[in-house]
Amino acid sequence: MAGVFGSERLSQVRSVLGDGRGAILVAVATGWCFSIGVRMAYPVLLPYLREAYGLGLTTAGFLLTVLWLAYAVGQLPGGILADRLGEGTILVVSSLISAVTLAVVAVASSAPVVYLATACFGFGTALYGVARFTILSDVFPNNDGTAVGVTMAAGEVGNAILPLAAGAIAAAIAWQFGFGLAVPVFALVACLLWVVVPARTSGSTSAVDSLSLETGRYVVTQLRRPSIVVVTAIQILTYCIWQAFTGFYPTYLIEIKGFSEGVATALFSTFFALGIVIQPLTGRLYDQWGIRRSLPAVLAVIAVALVVLPFLEGFWPIVAGTVLLSSILGYGTITLPYMTAAFPADMKGTGLGFLRTSYMTVGAASPVLFGALAERGFFDEGYIILAAFAIGAMVLVRWLPELSGTRSS
């Protein structure tokens with residue numbers, strides 16, 4: 001019986017990954033691993049950049065703001081270009097821009113050049129952000145949650161490993177190599193994507209082939225649909241949680257819980273490493289249960305973990321809390337496939353790009369506000385507020401319709 005079940009399961013996996021779909025998934029996931037992993041290496045290499053260019057804490061922090069704001073702004077043009085030029089083509093362009101701009105960062109002779117190249121790197125990686133979702137939605141229409149989960153888990157591998165690797169290289173050789181060694185990797189990724197991923201995975205027509213009043217009305221009509229409005233509100237709340245938590249968790253562990261920098265860094269890396277398991281799991285839950293059942297379950301765990309965190313003391317309770325908090329990494333594998341599939345095929349990239357630019361720009365304010373609370377002695381209360389955000393998102397799910405022709409609640 002077990003053998004029959006295993007054989008059926010293997011047959012299902014082969015059918016899902018057959019006809020080149022498995023190779024596409026590997027290529028897209030590999031590119032995302034480096035795209036986000038190198039971005040997360042910036043905080044690790046920041047002390048070296050401060051020393052090299054005489055940056056203060058404020059100006060160094062502004063460099064990170066430049067990186068993430070450029071990433072947010074680039075989402076909409078990335079989506080439009082994916083619709084007009086083809087999703088696979090944009091992934092290749094994104095990887096090539098990343099290679100060139102990181103090379104400039106590595107050899108820059110002044111701080112302004114570093115800022116400009118960093119902005120271009122953030123914008124270039126933004127092109128990857130939208131197109132990967134539309135590709136996976138097209139190639140895996142019935143398993144897009146799982147496919148997105150696998151890809152985002154690859155990103156967590158990058159988040160856990162690449163910053164540590166960049167820091168080790170910077171300490172052993174020079175910080176320039178921390179950036180410079182990623183240049184040939186991005187070039188190789190571009191070649192892999194060019195060979196494996198079709199230039200276009202969506203239909204041959206695009207809603208944004210021409211800019212006109214009629215086109216604008218069509219796009220606005222789609223953006224005003226209830227499913228889009230509600231899932232965007234949920235995404236804003238959950239993205240604010242992600243931004244604030246990831247921005248300050250190591251600092252919280254050091255200043256409030258009394259851990260050393262090494263232990264705090266290890267726990268933070270563990271948080272991202274757990275995403276390797278969490279994200280495929282939550283993606284699978286979305287495929288099987290739909291968003292109305294899977295998302296509240298994940299948000300409930302997030303809310304509980306954030307409420308409990310201020311009351312945890314000692315190493316092992318904090319480890320257990322970190323495991324629960326890793327559920328924060330799982331909401332996107334539910335909301336983003338839903339958001340992508342909610343748009344018609346001729347404007348998936350444009351629609352998703354607009355929404356990602358919107359919620360990322362709003363979410364970029366959450367670390368500043370959370371930091372202001374922490375600076376005034378309300379660090380613990382800040383986590384309670386983030387838990388309230390999760391509960392608010394849970395309430396909104398009740399107004400979120402399941403997409404017709406897909407899952408049922």
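Glu-313 is exposed, with 53% relative accessible area (exposed means over 50%, buried under 20% and partly exposed in between, for a 1.4 Å probe and protein chains only). The model is a predicted one, in which local features need pLDDT of at least 70, side-chain atom pairs count only at pLDDT 80 or more, and totals for chains, interfaces and linings use all residues. Residues are numbered from 1 along each chain as its sequence is written, and side-chain values use heavy atoms, with hydrogens and water left out.

The side chain of Glu-313 meets that of Lys-257 in a salt bridge at 3.6 Å, N to O (a side-chain nitrogen of Lys or Arg within 4 Å of a carboxyl oxygen of Asp or Glu). Lys-257 lies in the loop between helix 11 and helix 12, and Glu-313 in the loop between helix 13 and helix 14, so the pair ties together parts 56 residues apart in sequence. Lys-257, at 12% relative accessibility, counts as buried.

Helices here are DSSP runs of H or I with at least four residues, numbered from the N terminus. Helix 11 covers residues 226-255, and a kink of about 45° lies at Phe-248, shortly before Pro-250; the bend is the angle between axes fitted to the seven residues ending there and the seven starting there.

Tyr-252 and Phe-379 form an edge-to-face aromatic pair, 5.0 Å centre to centre with 65° between the planes (ring centres of Phe, Tyr or Trp, the last by its six-membered ring, within 6.5 Å; planes over 60 degrees apart are edge-to-face, under 30 stacked, the rest tilted). Tyr-252 lies in helix 11 and Phe-379 in helix 18, so this pair ties together parts 127 residues apart in sequence.

Definitions and conventions. Helix = DSSP H or I, 4+ residues; strand = E, 2+ residues; numbered from the N terminus. Expected span 1.5 Å × (residues − 1).
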